[in-house]
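Please examine the sequence and the 3D view before reading on.

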Amino acid sequence: MVSGFPWRRTSCPERSCSEVRRPGHRSPTAAAEAGPPVECRSVVSDGGALRAVDEGVTRRLKALACTAPLHDLDARKTRLDWVDATRYQMAEIALQAIDQVTLAMDFDHGADQAQVVKRLRPFVAAQVPRAPAGEHERVAQWVIENLINVGSLDRGFQVDYGTFTEDGHYVRRRFDFKLLVEVAAPDGEVYLRASDEAINVLVGALDTDVESAQVAAEVKLENLIARGRLGDARLAAEQARYRTVQYAEALRQKLDATRRDVRSVDWLAAVPELLDEALTHIESRYRAETAILANIADARDEATEPGRRRQAAELVDVVGDCIQRHTQLQARLQEAGATFRAEQDRQQFSGRPKRAAIDVFGQLLRPCLALDTATATGPTAAFFGAGAGVRVPSVPSLTGLVETLLTPPVERDPLGEPVVEPDLAPVTVERFGADLWKQSAGLLDPEGRARRLSELLAEAREIDPELPTLVALRVVHAVGSSVGTARNQGDPTLLLAIDDGTVLRDPEFGGSDLLVTTAGVLAELGVEEVA
Amino acid sequence: MTREIQPQDVESAARLVAHGMRPKALPSRDAGYAELVRRYRDDDGFADTVQRVAAGLGLVVLAVGPQSGIVLAAVEESVFEIRMDEYARRTVLQNRQTDKMLHGLAHLAAAALAFPRPDDLGDDSYVGRVSVDQVDGAVREACRALEERTAGEADPLSDAPQLEAAWRAWLRRPEATATKDGRAGEATTRGIVGKALRFLADQGFLVAVGAEGGVYRTTPRYQVQVRELAAQRAFDELLQLGALPVATAGGALRAPNAQGLEAPDV
């Protein structure tokens with residue numbers, strides 16, 4: 001299971017680094033927080049020993065919370081009424097789902113939900129091979145929907161946890177997180193992406209420095225290959241791929257914002273530096289991975305044992321995929337440069353400022369986003385009220401009024417919709433009419449005597465040629481009648497037929513010559529009374 | 001120089017005001033309208049009459065120009081005023097305040113993306129372009145920047161949702177949800193932004209560009225409306241709250257981490 005992973009990362013260098021930085025880093029934001037008069041409880045003056053302990057706990061609580069939806073799947077599966085879900089390991093399927101989504105994420109969009117379900121199906125099917133394919137698909141669908149948390153408005157998860165304020169008060173806070181996120185692609189389709197939390201749950205890399213973690217993973221990979229442990233190497237290669245995806249995702253976000261507006265980006269230093277860094281990174285990764293690829297390809301070709309050969313072949317695929325992702329990233333970086341220049345040209349010739357105006361983004365939107373919900377309602381409503389323009393109250397004009405009055409009302413039949421002539425299917429004719437049933441009832445109510453079936457049949461034959469068949473059927477049905485059923489139905493009497501071994505001699509029927517009698521049913525005691 | 005106001009002048013003035021109430025009417029398409037606009041600009045007496053007619057109706061004349069035509073705004077409590085309560089009517093009661101705030105933010109963000117720099121807002125010849133994608137993306141980016149800046153800051157208190165920061169509310173809302181009929185979910189941020197842009201287009205502030213829809217260009221009316229009134233009102237509100245940062249000439253809409261995103265100095 002995955003729950004072991006997050007702990008390991010709490011002690012990584014990046015983590016402790018950010019903690020060291022935090023006190024100095026905090027003070028301006030804490031001051032900004034103190035600006036609006038409402039926020040007063042969370043103002044922090046200085047960090048203390050209690051707080052340091054507290055943060056460690058908080059971090060672990062959050063890491064723990066990310067795994068909760070997975071456990072929850074298994075806890076709730078028994079409540080599904082459309083499947084015997086105890087046979088499925090839902091947490092396992094969920095991890096596979098996050099895996100599939102993460103792998104399918106690329107630059108433009110995420111994973112198509114139908115595709116993910118399709119890829120999940122073999123894993124689900126492996127757990128319960130005998131179940132129908134439709135059920136496998138539905139289970140996969142259910143798991144994905146639960147990872148998105150489809151029922152909730154925010155489509156995410158929340159968990160409450162407690163912390164101590166500086167003055168030692170215990171307060172409850174809310175941690176919001178998501179596992180699978182639905183995003184809209186440029187073509188309007190909705191795709192799935194794995195959230196950072198999900199990738200962290202999966203890989204166990206909580207807030208690690210993407211780059212260094214990747215380097216570490218690759219060193220490990222090379223070592224493993226050198227020692228010939230290909231199974232582990234495959235695992236490490238996959239981890240490296242997750243980090244590649246994570247890194248690409250971080251860069252994508254930055255490039256997106258860059259393309260949107262480059263006006264105030266520092267063109268002289270910051271952006272070229274950023275691009276250079278990314279390109280250098282890709283170059284080194286590309287070189288490393290090409291080398292690894294060559295090594296494993298050798299290992300694959302030289303391996304004689306089929307199992308190892310297959311492992312090596314799979315590893316080649318994984319590393320090949322890593323390389324492909326880097327190439328993709330590089331293409332994006334080159335494109336970004338061109339976008340920058342085009343934007344730069346456009347901006348440069350836009351002319352001198354004409355008058356002083358408000359910076360809507362920096363002076364209005366961003367401060368509003370930093371306010372709390374209740375306070376932000378004021379300025380946003382003010383902007384809306386003044387920026388929405390004029391509403392013209394609708395007054396019917398004379399022509400409009402005349403038209404309205406002259407429009408014939410919609411025809412509405414007081415009797416409602418015409419009744420559709422139903423298609424009648426032919427009714428199967430009852431074999432025995434009501435008369436026959438009545439006559440058979442008369443015969444089978446022997447007034448307290450036990451009678452032979454042969455006698456009854458003879459009598460019946462005299463009354464009606466069809467009657468013996470009905471009588472025979474009813475008698476056969478009476479063999480082994482249940483008293484309980486009769487009592488439940490509230491029948492006053494019960495027809496009984498008992499086989500005493502006598503053979504029936506009859507031109508039409510064969511079998512035992514049953515003894516037939518009726519018994520009264522006593523409601524309370526359940527004792528039958530055989531006359 | 002004062003001059004007697006003739007009754008027919010009042011009629012003309014009222015007609016000009018009436019033109020302003022048709023969001024899509026433009027002087028360039030209507031010779032009569034263009035003539036009234038020209039007269040407003042040349043004749044102070046007529047301009048005064050127009051303003052008085054508007055004032056009597058509960059309107060303010062923001063600008064009169066050959067491109068924008070007459071741009072009107074409703075004063076508070078006027079019959080012409082559009083209230084947020086009416087606009088964001090179809091929301092669940094429980095989230096009403098958050099939803100209203102998100103709708104307001106969407107309008108603010110639409111204006112911010114339409115006029116990214118102060119210069120763009122000031123330049124009469126500037127035509128901005130906005131799309132749902134762009135607006136939601138920029139707000140999310142800004143939210144992420146705030147999230148980064150407040151990294152390590154405590155999560156919101158669970159028993160006081162109204163104290164939650166606005167950016168958290170936006171980030172938490174999904175950007176899109178898959179619905180059965182293939183339309184964007186209304187409660188998503190893209191749904192909210194989409195509604196804002198469609199509304200602005202209906203009000204004659206934006207014009208849809210391109211065949212596939214979703215991309216709009218701004219009209220001079222919108223620029224005037226934002227510059228002369230809306231931005232000022234929101235600015236005043238924020239000033240009262242003491243939440244205003246110092247402006248820079250370049251505008252503050254930046255790429256993430258490119259040494260922008262400095263803390264707004266209070």
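What is the mean pLDDT of chain A, and what percentage of its residues reach 70 or more? The mean is 71, and 66% of the residues of chain A reach 70 or more; pLDDT is the predictor's confidence in each residue, from 0 to 100.

## Basis of the model

This is a predicted model, in which local features need pLDDT of at least 70 and side-chain atom pairs count only at pLDDT 80 or more, while totals for chains, interfaces and linings use all residues. Residues are numbered from 1 along each chain as its sequence is written, and chains are lettered from A and ligands numbered from 1 in the order in which they are written.

## Confidence

In chain A, confidence is lowest in helix H1 (residues 5–9), with a mean of 31, and highest in helix H6 (residues 133–148), at 88. Helices (H or I, at least four residues) and strands (E, at least two) are DSSP runs, numbered from the N terminus. Residues 1–49 of chain A have pLDDT below 50, and this stretch has 65 contacts in the model beyond near neighbours in sequence. Two residues are in contact if their C-beta atoms, placed from the backbone, lie within 7 Å.

Chain B has a mean pLDDT of 81, with 84% of its residues at 70 or more. Its residues 255–266 have pLDDT below 50, and the stretch has 39 contacts beyond near neighbours in sequence. The model scores ipTM 0.85 and pTM 0.54.

## Helix H17 of chain A

Helix H17 of chain A has 12 residues (467–478), which should span 16 Å at 1.5 Å a residue; the end C-alpha atoms are 17 Å apart, which agrees. The expected span is 1.5 Å times one less than the number of residues.

Among the buried residues of H17(A) are Leu467(A), Leu470(A) and Val471(A). A residue is buried if 20 or more other C-beta atoms lie within 10 Å of its own, exposed if 12 or fewer, and partly exposed in between, with C-beta atoms placed from the backbone. The cover over the buried residues of H17(A) includes helix H16 (453–463) and strand S6 (493–498) of chain A. Gly480(A), with a positive phi near 70°, follows H17(A).

## Chain B and its sheet

Chain B contains 10 helices and 5 strands, and 50% of its 266 residues count as buried. An open sheet of 3 strands in chain B has the order S3-S5-S4, with antiparallel pairing; two strands pair if DSSP finds at least two bridges between them. The edge strands are S3 (129–131) and S4 (206–209) of chain B, each pairing on one side only.

S4(B) is joined to the antiparallel strand S5 (residues 215–218) of chain B by 4 bridges. Leu206(B) has Thr218(B), in S5(B), as its bridge partner.
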